[in-house]
Amino acid sequence: MLLDDLVPDPDALERIATDSTWAEGPVWIPATRTLRWSDIPGDRILQWHADSGATSTYADGVEFTNGRTLDRDGSVVQCSHGLRRVERDRDGVVTPIVDAWAGVRFNSPNDVVVARDGSVWFTDPAYGITQPREGHPGVREYGDHWTFRCGPDGEDLRPVATDVDEPNGLAFDPSEQVLYIASSSGDEPVIRAYDRRGDDGDLLKNGRVFARLEPGEGVPDGIRVDVHGDVWSSSNRGLIVFDPAGERIGEVPVPEVVSNFCFGGDDGTTVFITATTSVYRIATTTWDAAVS
């Protein structure tokens, strides 16, 4: 597959919102035709409204939320740097899902996905306790950076991947038998792949490097997988697309450093991109594997 097959016109990139300090964690909410994202240092959640093209503040004083995704019922599951937890926002009422493991707090949950069985998978690097603008100073209470999973209501919490230096974005392949995890470590800017095994699919095995970013591209932050199994990654220069074998398909240039992105829009084929101060969108011919 060629990039032109996925993104017919890379030059059609459009900026739809700006004035964030560092934009992150976008999710498209079909019920309201809105895009929701975080301005982490601004400690607020913003929304862009497709009907009007306007941007509004959804909430402020939100304890430095970061990554988010839709739950199976259409509510939003999100990561809180400040409260060091994963939480659920259902119609504006925010409740915790998990905030500790084995008697100690998480570092600062960063990104999250919900599998078709309702299980919640999230990464836990330390940016919210080490970066002054992204949370509150703190210590790594379990002494590392792991990826965890739990049931829909926080039950059966366990670490599932402990060998990623700084786990960040994550996404399942279309079969949900492979989990990809971005390592945002400057020493090893890679995307790793794991096979999902076990009776309930709650074990990750066969961890390996799936793809690497090249010098000058920074580190992978947000990642998504499309319905064809292609893996899309953020970078310093834009979006980079890899085929299911890890071969590079191409790049969509973006004029600001990309943090994250998501598929959305009425037919699910628009990619919305959070990039430093702004949000961009671009039309594609594909959609997120999570809705297939």
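Modeller: A disulfide is counted where two cysteine sulfur atoms lie within 2.5 Å of each other. The model is a predicted one, and by this rule it has zero disulfides. The sulfur of Cys79 has its closest cysteine sulfur in Cys150, at 11 Å, and therefore the two are too far apart for a bond. Cys79 is buried, with a relative accessible area of 0%. Cys262 is likewise in no disulfide, since the nearest cysteine sulfur, that of Cys79, is 14 Å away. Cys262 has a relative accessibility of 4% and so counts as buried.

Cys262 leads on to Val271, which touches Cys262 as well as Trp232, Leu239, Phe261, Phe263, Tyr280, Arg281, Ile282 and Thr284, when residues up to four places away in sequence are not counted. Val271 is also one of the residues that touch the most other members of the largest nonpolar core, a set of 18 residues; the others are Val7, Trp232, Leu239, Val254, Ile273 and Ile282. Two or more residues of this core come from each of helix H1 (3-6) and strands S22 (238-242), S23, S24 (258-264), S25 (270-275) and S26 (278-283). In soluble globular proteins, nonpolar side chains tend to be buried together.

Strand S22 belongs to an open sheet of four strands, ordered S20-S21-S22-S23, with antiparallel pairing. Its edges are S20 (223-225) and S23 (248-253), each of which pairs on one side only. From one strand to the next, the twist averages 20 degrees.

The sheet may be followed strand by strand. S20 pairs with S21 (residues 231-234) in the antiparallel sense through three bridges, and Ile223 stands opposite Ser233 in S21. Four bridges then connect S21 with S22, again in the antiparallel sense; among the paired residues, Val231 has Phe242 in S22 as its bridge partner. These two strands form a hairpin, with three residues between them.

S22 is joined to S23 by five bridges, and the two run antiparallel. Here Ile240 stands opposite Glu251 in S23. This pair of strands also forms a hairpin, with five residues between them, and Gly246 in its turn has a positive phi of about 90 degrees. Five of the five residues of S22 are buried, so this strand is largely enclosed by the rest of the structure.

The loop between S25 and S26 contains Thr276. Leaving aside neighbours within four places in sequence, Thr276 is in contact with Ser20, Thr21, Trp22, Ala23, Glu256 and Val257. With Val257 there is a specific approach: the side chain of Thr276 reaches the backbone oxygen of Val257 at 3.0 Å. Thr276 and Ser259 are 17 residues apart in sequence, while their C-alpha atoms are 6.8 Å apart in space.

Glu176 lies between strand S16 (167-172) and strand S17 (178-183), and it is buried, with a relative accessible area of 9%. A polar atom of the Glu176 side chain lies 3.1 Å from the backbone nitrogen of Arg116. Apart from residues up to four places away in sequence, Glu176 touches Ala115, Arg116 and Arg196.

Terms used. Residues are numbered from 1 along each chain as its sequence is written. This is a predicted model: local features need pLDDT of at least 70, side-chain atom pairs count only at pLDDT 80 or more; totals for chains, interfaces and linings use all residues. Side-chain values use heavy atoms; hydrogens and water are left out. Two strands pair if DSSP finds at least two bridges between them. Axes are lines fitted to C-alpha atoms, for helices over the stretch in contact, and angles run from 0 to 180 degrees between N-to-C directions. A nonpolar core is a set of buried Ala, Val, Leu, Ile, Met, Phe, Trp, Tyr and Cys residues joined through side-chain atoms within 4.5 Å. Buried means under 20% relative accessible area, exposed over 50%, partly exposed in between (1.4 Å probe, protein chains only). Contact means heavy atoms within 4.5 Å. A polar contact is a pair of N or O atoms within 3.5 Å; within protein, one must be able to donate a hydrogen and the other to accept it, and residues adjacent in sequence count only if both atoms are side-chain atoms.
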